[in-house]
Amino acid sequence: MAAGPRWGSLPSVLIVDILSYLSHEDRLKASSVNKRWRNCLFHPSLWSKIKFQLGFSKRHRSRFLADRCGRFVREAVIKFNAHNCLEVREGMRIITILGSNKNLQHFALFPSSCHIEWPDSNFVNRFLNGIETIVQTSRRLRHFSLGCVEELLEHSNHLLQLLSKHHSQSLKHLFLASVKEDSENYGIIWLTPDDLRPFYQLTHLSIDYDYLTNSVLESFVDRSRAKLERLIIHVHGIESTHEKISNATWQMVSAHNPVLEVTINFVHSFDGVESLLDILQPNLPLAHFRQFFCTNLNTAAINYMSTHYRNSLQSVYILDGLMDGYPVPYISQTDEDPFVMLAWRCNKLQDFSLIGYEISEDDVIAVARLRGHSLKSYNIPHCCICTVEEEEEHISWFSHGCYAPEFPQKVSENLKWNWSPIEDDELPLAVFDISADAERAYMRILLSDQQV
């Protein structure tokens, strides 16, 4: 009888090839064949991407992977609790290891908060020095993200100089947008078009609105540059002296970058939402609009979007806190509800969330009917749905969360998928408690913009 295959003595190149077709769990099982297979388990080609998760349950694994693979991994994401000093220290340790990796192409921080609690007063400088070493050591960075951390992004000028010196011909994804601890009082660094002009391969950029000018946008109208595909803008405060981006500039940028999609995130920005009609322009290729805890809803701007972004707007996400335990009513300047008009006119709209604001049962159904199965996500809280009940001809009152039993079924029938409103315990705590940490409600969404 012929002998079976000698799996333990296969050439290393074949073992690595076999392992490349297996899932992570199956690779671990296969590595138990013998020492030869275990050694092949950590071949660089099998660990090109690693997310280092520093929470308690996964910290040991991430530490082990950093020691074994940190010097050759090509894509590294560090996910950590920004308020846990032990995880911040472990993040620093991994950054130090990555500082000797010449092949690193993708570096990203994924903190739980944009405000890191540093173990000591000098730790932020050591953290920055470690990141600078990564930039200087890597031969070809393509993706660079600091996770919206304000204290790190305050040093954008110096980091851009280093990136320009070492990676101007390779960097494709650059994320400079931050989240401010105090959206009404923060410093402005000096950022000019010349700081961004060297990056000729850039296709994805995030930036704070404070630094967005006509000149910055015009720098992307250059035939020698790669086409810009994604622009993410974070709006915090609005300076009265801020230069208005003209429609002519947006028209020129859109014409030169035909697949460009713009995302605008308003974060704790009452003034930003108030000035929304000054920010929006007809030729701005708006794809995603979001506002988080701005305590303001500009219905005139929503109507503007439904008129001008019919063929570009894909998602709307509005999140705010309740007022004294009740959803906030909004006033429409027209007879039609602005969100119903948005659903009717914007034929690419596929994600819609309205949290913290009052919306009638009839309008929830109307949006579902107009968008149908093309609406992939539809997030409306149970507590924000109001029903108008009339006792007599001129006497009426509103009830919240007391809709008819068949209401969810009506919405589901129009969407062609099973829908139900969001229950209170599924909502972020900050919706109910003004003192709660609001970042937990939006940080994941903002960081998802930086995953390419």
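Of the 452 residues of the protein, 55% count as buried in this predicted model. The chain forms 18 helices and 15 strands. Along its principal axes, the C-alpha trace spans about 90 × 65 × 45 Å. Contacts between residues at least 6 apart in sequence were also examined: 78% of them join residues at least 24 apart.

In soluble globular proteins, nonpolar side chains tend to be buried together. The largest nonpolar core here holds 121 residues. Within this core, Phe107, Leu174 and Tyr378 touch the most other members. Helix 6 (residues 123–137) gives the core its largest share, 7 residues. A further core, of 27 residues, lies apart from the largest one. Among its members are Ala108, Phe292, Ile422 and Val431.

The surroundings of Phe107 were then listed, not counting residues up to four places away in sequence. Phe107 touches Ala76, Ile78, Ile95 and Leu98, among others. The list of its contacts also includes Ile131 and Ile134. Leu141, His143, Phe144, Ser145 and Leu146 are touched by Phe107 as well.

The largest pocket has a volume of about 740 Å³. Its lining comprises 37 residues. Nearest the centre of this pocket lie His268, Phe293, Thr295, Asp320 and Ile434. By class, the lining of the largest pocket divides into 20 nonpolar, 9 polar and 8 charged residues.

The second largest pocket contains about 440 Å³ of space. It is lined by 22 residues, and Tyr317, Ser353, Asn379, Arg444 and Ile445 are the closest to its centre. In this lining, 12 residues are nonpolar, 5 polar and 5 charged. Strand 10, strand 11 (351–355), strand 13 (377–379) and helix 18 (439–448) each supply at least two of the lining residues. Helix 18 makes the largest contribution to the lining of the second largest pocket, with 5 residues.

Phe293 is found in the loop between strand 9 and helix 14. The relative accessibility of Phe293 is 10%, so this residue counts as buried. Asp324 likewise has a positive phi without being glycine, with a value near 55°. Asp324 lies in the loop between strand 10 and helix 15. Its relative accessibility is 72%, and Asp324 therefore counts as exposed.

Helix 14 (residues 299–308) is mostly covered, with 8 of its 10 residues buried. The buried residues are Thr299, Ala300, Ala301, Ile302, Asn303, Tyr304, Met305 and Ser306. They pack against two helices, helix 13 (276–279) and helix 15 (338–345). They also pack against strand 9 (286–292) and strand 10 (315–319). The N-terminal end of helix 14 is capped by Asn298. A side-chain oxygen of Asn298 lies 3.3 Å from the backbone nitrogen of Ala300.

Arg59 lies in helix 4 (residues 59–69). Its relative accessible area is 16%; because buried means under 20%, Arg59 is buried. Beyond its neighbours within four places in sequence, Arg59 is in contact with Gln53, Leu54, Leu86, Glu87 and Glu90.

Glu151 has its place in helix 7 (residues 150–153). With a relative accessibility of 32%, Glu151 counts as partly exposed. Leaving aside neighbours within four places in sequence, Glu151 is in contact with Ile116 and Trp118. A polar contact of 2.9 Å joins the side chains of Glu151 and Trp118. Glu151 and Leu141 are 10 residues apart along the chain, and their C-alpha atoms are separated by 22 Å. Leu141 is itself one of the residues that Phe107 touches.

Methods
Residues are numbered from 1 along each chain as its sequence is written. This is a predicted model: local features need pLDDT of at least 70, side-chain atom pairs count only at pLDDT 80 or more; totals for chains, interfaces and linings use all residues. Side-chain values use heavy atoms; hydrogens and water are left out. Buried means under 20% relative accessible area, exposed over 50%, partly exposed in between (1.4 Å probe, protein chains only). Helices (H or I, at least four residues) and strands (E, at least two) are DSSP runs, numbered from the N terminus. Contact means heavy atoms within 4.5 Å. A polar contact is a pair of N or O atoms within 3.5 Å; within protein, one must be able to donate a hydrogen and the other to accept it, and residues adjacent in sequence count only if both atoms are side-chain atoms. On a 1 Å grid over the protein atoms alone, a cavity is a set of points where a 1.4 Å probe fits but cannot get out, and a pocket is an open set with protein on both sides within 12 Å along at least five of seven lines; lining residues have an atom within 4 Å of a point. Grid points are joined across faces, edges and corners, and a volume is the space filled by probe spheres set on the points. Ala, Val, Leu, Ile, Met, Phe, Trp, Tyr, Cys and Pro count as nonpolar, Asp, Glu, Lys and Arg as charged, and the others, Gly among them, as polar. A nonpolar core is a set of buried Ala, Val, Leu, Ile, Met, Phe, Trp, Tyr and Cys residues joined through side-chain atoms within 4.5 Å.
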